[in-house]
Structure formats: C-alpha cells, structure tokens
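Subject: Structure handover and what was found in it

Dear colleague,

Please find the structure below, followed by some notes on what was found in it.

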Amino acid sequence: MKMRTFLLIAFCFAISFTVTAKKRSKKKPKANLALVEAYSQRIVPGIPGSQPQTSIHIIAVWEGGGYPEAMFWRGDGGWLGCNIAEARKIVNRQYIRANYLEYQTTKISPDKIQKGDTLQIDPLPGGKLPLPADIPDAAQNTLLFKANGSKWLSLHIDTIVNKHDIVKP
C-alpha cells in the first residue's frame with residue numbers, strides 16, 4: 001500500500017513539472033522588424049550661413065506577413081511620421097567614399113513590401129501625417145508601427161551610431 005501511494009505522488013509531481021516546463025517554454029511572438037542598424041548623419045550644406053541638418057536612418061528587415069500600415073518615431077523631439085524606402089547595401093567602396101552613402105534606396109509603396117525586404121525608415125520632421133489617437137506612449141528612440149490591422153507594435157533602439165558628415169558642394 002505504501003508503494004502505491006508513493007508511486008501515485010511521484011506520478012502527480014512528474015505531471016505538474018511537465019506542465020510547468022511547457023508553460024515556461026512558450027515562444028514569444030516574432031517581431032515584424034529585425035533591426036540591422038540605426039545611425040544619424042549630419043548634412044552640411046555648401047551655402048554659407050545655412051544650418052546643418054541631422055537625420056536619423058533606421059535599417060531593418062521586414063519579417064512580418066503583410067505590410068506596415070503606419071510607422072511613427074518617438075525621438076528626442078517628440079513624435080515624427082516616417083518615410084519608408086527599400087534599401088540595398090552598397091558594396092563598391094569607391095562609390096561610398098565619393099557620395100558618403102552606404103545604402104541605395106528606392107521608393108516603395110507600403111503594400112508592395114514583402115517578408116525579407118530590407119527597409120530604410122527615416123523619421124521626417126514636420127510631416128503632414130497626423131498622430132493617431134490610439135497610439136500608446138513610448139520611451140524615447142522607439143519605432144511604433146501597425147501591420148495588418150494589428151495593435152501598435154514597437155521596436156526600441158538602444159544605440160544610434162553617429163556616422164560621418166555629408167558636406168554638400
């Protein structure tokens with residue numbers, strides 16, 4: 001009798017540990033954007049007295065199904081709408097040195113974006129896109145986006161690298 005009771009208790013513990021282990025190993029939902037790099041560049045105009053402009057560029061791979069409906073950047077200056085372009089890394093070092101560009105961009109309509117596309121996301125100061133009422137508050141350096149009618153998703157960017165200035169003639 002003692003042996004049966006012991007086996008029953010051991011069996012119950014084994015089942016409870018298995019259920020607990022399965023609950024812990026649930027996978028997190030996959031993010032729709034995978035960050036490649038984020039950098040800022042200053043453009044110095046060649047006209048004397050003109051003010052330099054600093055722009056932020058986020059390079060990411062779209063890994064979600066469908067396409068991004070809207071993107072907003074929460075930076076130091078508040079909320080900004082974003083421009084999305086398809087990006088390709090330039091491998092010709094001579095071209096990079098001559099133009100200071102590391103990515104070649106092509107305009108793309110959001111509904112043409114497919115899984116695996118590399119995107120350059122540029123926050124635009126003074127954009128005409130109004131901020132949606134249902135957008136959640138976010139920490140600085142966070143990209144918020146909606147895809148396929150989902151709720152707002154976010155991608156927090158820890159470091160933004162400062163790259164060389166672009167001096168216009």
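Let me begin with a hairpin, which β3 and β4 form with two residues between them; here a strand is a DSSP run of E with at least two residues and a helice a run of H or I with at least four, both numbered from the N terminus. This is a predicted model, in which local features need pLDDT of at least 70 and side-chain atom pairs count only at pLDDT 80 or more, while totals for chains, interfaces and linings use all residues. Residues are numbered from 1 along each chain as its sequence is written, and side-chain values use heavy atoms, with hydrogens and water left out.

The strands around β4

Strand β3 (residues 68-75) runs antiparallel to strand β4 (residues 78-89), and four bridges join them, where two strands are said to pair if DSSP finds at least two bridges between them.

Buried means under 20% relative accessible area, exposed over 50%, and partly exposed in between, with a 1.4 Å probe and protein chains only; a salt bridge is a side-chain nitrogen of Lys or Arg within 4 Å of a carboxyl oxygen of Asp or Glu. Leaving aside neighbours within four places in sequence, E86 is in contact (heavy atoms within 4.5 Å) with residues including Q104, T105, D117 and L119.

The salt bridges

How many salt bridges does the structure hold? The structure holds five. One of these salt bridges is formed by K163 with E37, their closest N and O atoms being 3.1 Å apart. K163 lies in the loop between β9 (161-162) and β10 and E37 in strand β1, so the pair ties together parts that are 126 residues apart in sequence. K163 counts as buried at 18% relative accessibility, and E37 counts as buried at 18% as well. Both residues belong to a network of salt bridges that links E37, K89, E102 and K163.

The side chains of D165 and R42 also meet in a salt bridge, at 2.9 Å from N to O. Because D165 lies in the loop between β9 and β10 and R42 in strand β1, this pair ties together parts that are 123 residues apart in sequence. D165 is partly exposed, with a relative accessible area of 32%, and R42 is partly exposed too, at 35%.

A loop and the protein as a whole

In the loop between β5 and β6 lies Q114, which is exposed, with a relative accessible area of 54%. Although Q114 and G66 are 48 residues apart in sequence, they are 6.7 Å apart in space, C-alpha to C-alpha. For the protein as a whole, the secondary structure comes to two helices and 10 strands, and 30% of the 169 residues count as buried.
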